[in-house]
Amino acid sequence: MGAAKNIWAILEAEDEASGNNVSPIPYSSMVVDTSLPLPLMIPLIIELCKDLFKNWRDLDDLLFSVERVSGGITNLLLKVSVKEDTEREVSVTVRLYGPNTEYVINRERELQAIKYLSAAGFGAKLLGGFGNGMVQSFINARTLDPSDMRQPKIAAQIAKELGKFHQVDIPGSKEPQLWVDILKFFERASTLRFEEPDKQKLYEKISFEELHKEIIELREFTGVLNSPVVFAHNDLLSGNLMLNEEEERLYLIDFEYGSYNFRGFDIGNHFNEYAGYDCDYSFYPSKEEQYHFIKHYLQPEKPDEVSVAEVESVYIETDAYKLASHLYWAIWAIIQARMSPIEFDYMGYFFLRYNEYKKQKPLTFSLVTSYLSASV
């Protein structure tokens, strides 16, 4: 995993060159096999933690406990608790990257962003890195379900946090990455071959010529909206939102897909995620629910003072970019269907997202065109 080590070395060199007074993040060259069952993985996780953190190296293995927190469709998360002494127990989160995720995730971009987002109070603190993952501080909170995001109070909290998130300044190019990433995904997705005959048949049903035309048309269509460019999360689904209900604190986590991007994409993508992995778009937020979110995004302290015109403008922008979200994750799913060992119907997911795109496209184009005509 020399490439992973190189990323950490590059980031530390950048910090030194820029004069940032930050402590170097410990790095281990260890790689943990994610295909192992948890009982066989636990000794490796303990060894990894001892390798990373000096004050744990002499502790007995029996003082460590490891449990699975979650496993999405890209990563495996483990909670490691350590009894440092009779009165103190410390917990960290070990995040293991899913195999072949480098085909869809820019790890250098992710690690660069985490440092600054963490400093701004977002997500878990980065504590260490290793060959195929990272160690972060443990967040004592529950992961949201898609249904939670529809609750007005929680929706307002998400909007407020997202508004603050979009104000974080991440050094480097500020060019929006949406169409760069989509076209990169398209290039990889259009040249695949599947070993499984059933998957290959489904793959051959995809018209990549049609798909490319849709990308170019939507890029031009959304371009006239002049959506502000912000540092966007780009993957704000329920699994990347955590809530500590006692403290009433909401956390945005996992910045794997984070990049400078269009504001409308981040909000529209979030609204699409109300449907969950099952893609039940009957749960897509109503216009009233979207207005509620947008008001709290724009003016969290005084949402009722936001003008109707301003809310409507963001609503239109978001509705256009929700289509880009469908294309992004549809093409992403084709690559994952070929590369990911995780048990998930990625090819089926492509068709769910692409079919919803085609269903919503005429409605959205009509809505946006009418709005623009009335605004002239």
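The model is predicted, so local features need pLDDT of at least 70 and side-chain atom pairs count only at pLDDT 80 or more, while totals for chains, interfaces and linings use all residues. Residues are numbered from 1 along each chain as its sequence is written, and side-chain values use heavy atoms, with hydrogens and water left out.

- To the contact between them, domain 1 contributes 25 residues and domain 2 contributes 30 residues, where contact means heavy atoms within 4.5 Å.
- Four salt bridges are found across the interface of domain 1 and domain 2; a salt bridge is a side-chain nitrogen of Lys or Arg within 4 Å of a carboxyl oxygen of Asp or Glu.
- Five residue pairs, both residues at pLDDT 80 or more, are in polar contact across the interface of domain 1 and domain 2.
- A polar contact is a pair of N or O atoms within 3.5 Å; within protein, one must be able to donate a hydrogen and the other to accept it, and residues adjacent in sequence count only if both atoms are side-chain atoms.
- On the side of domain 1 that touches domain 2, the elements giving two or more residues are β4 (89-97) and α3 (107-119).
- Helix α3 gives the most to that side, with eight residues.
- Helices (H or I, at least four residues) and strands (E, at least two) are DSSP runs, numbered from the N terminus.
- The residues on the side of domain 1 that touches domain 2 comprise twelve nonpolar, eight polar and five charged.
- In this division, Ala, Val, Leu, Ile, Met, Phe, Trp, Tyr, Cys and Pro count as nonpolar, Asp, Glu, Lys and Arg as charged, and the others, Gly among them, as polar.

**Salt bridges**

- The whole structure holds 22 salt bridges.
- One of them joins the side chains of Arg107 and Glu256, at 2.8 Å from N to O.
- Arg107 lies in helix α3 and Glu256 in the loop between β10 (249-252) and β11 (259-262), so this pair ties together parts that are 149 residues apart in sequence.
- Arg107 counts as buried at 10% relative accessibility, and Glu256 is buried with a relative accessible area of 4%.
- The terms are set by relative accessible area: buried is under 20%, exposed is over 50%, and partly exposed is in between (1.4 Å probe, protein chains only).
- Asp254 forms a salt bridge with Arg95, and their closest N and O atoms are 3.8 Å apart.
- A network of salt bridges links Arg95, Arg107, Glu110, Asp254 and Glu256.
- Another salt bridge joins the side chains of Arg263 and Glu317, at 2.7 Å from N to O.
- Arg263 belongs to helix α8 (residues 263-272) and Glu317 to helix α10 (residues 308-339), so the pair ties together parts that are 54 residues apart in sequence.
- Both Arg263 and Glu317 are buried.
- The side chains of Glu209 and Lys213 also meet in a salt bridge, at 3.8 Å from N to O.
- Glu209 and Lys213 both lie in helix α7 (residues 208-223), four residues apart, which is about one turn of the helix.
- Glu209 is exposed, with a relative accessible area of 58%, and Lys213 is exposed, with a value of 55%.

- His296 is part of helix α9 (residues 287-298) and is buried at a relative accessible area of 17%.
- A polar atom of the His296 side chain lies 2.9 Å from the backbone oxygen of His292.
- Not counting residues up to four places away in sequence, His296 touches Ala156, Ala159, Lys160 and Pro303.
- Gln200 is placed in helix α6 (residues 197-204) and is buried, with a relative accessible area of 8%.
- A polar atom of the Gln200 side chain lies 2.8 Å from the backbone nitrogen of Phe194.
- Apart from neighbours within four places in sequence, Gln200 is in contact with Arg193 and Phe194.
- Gln200 and Ala337 are 137 residues apart in sequence and 10 Å apart in space, C-alpha to C-alpha.
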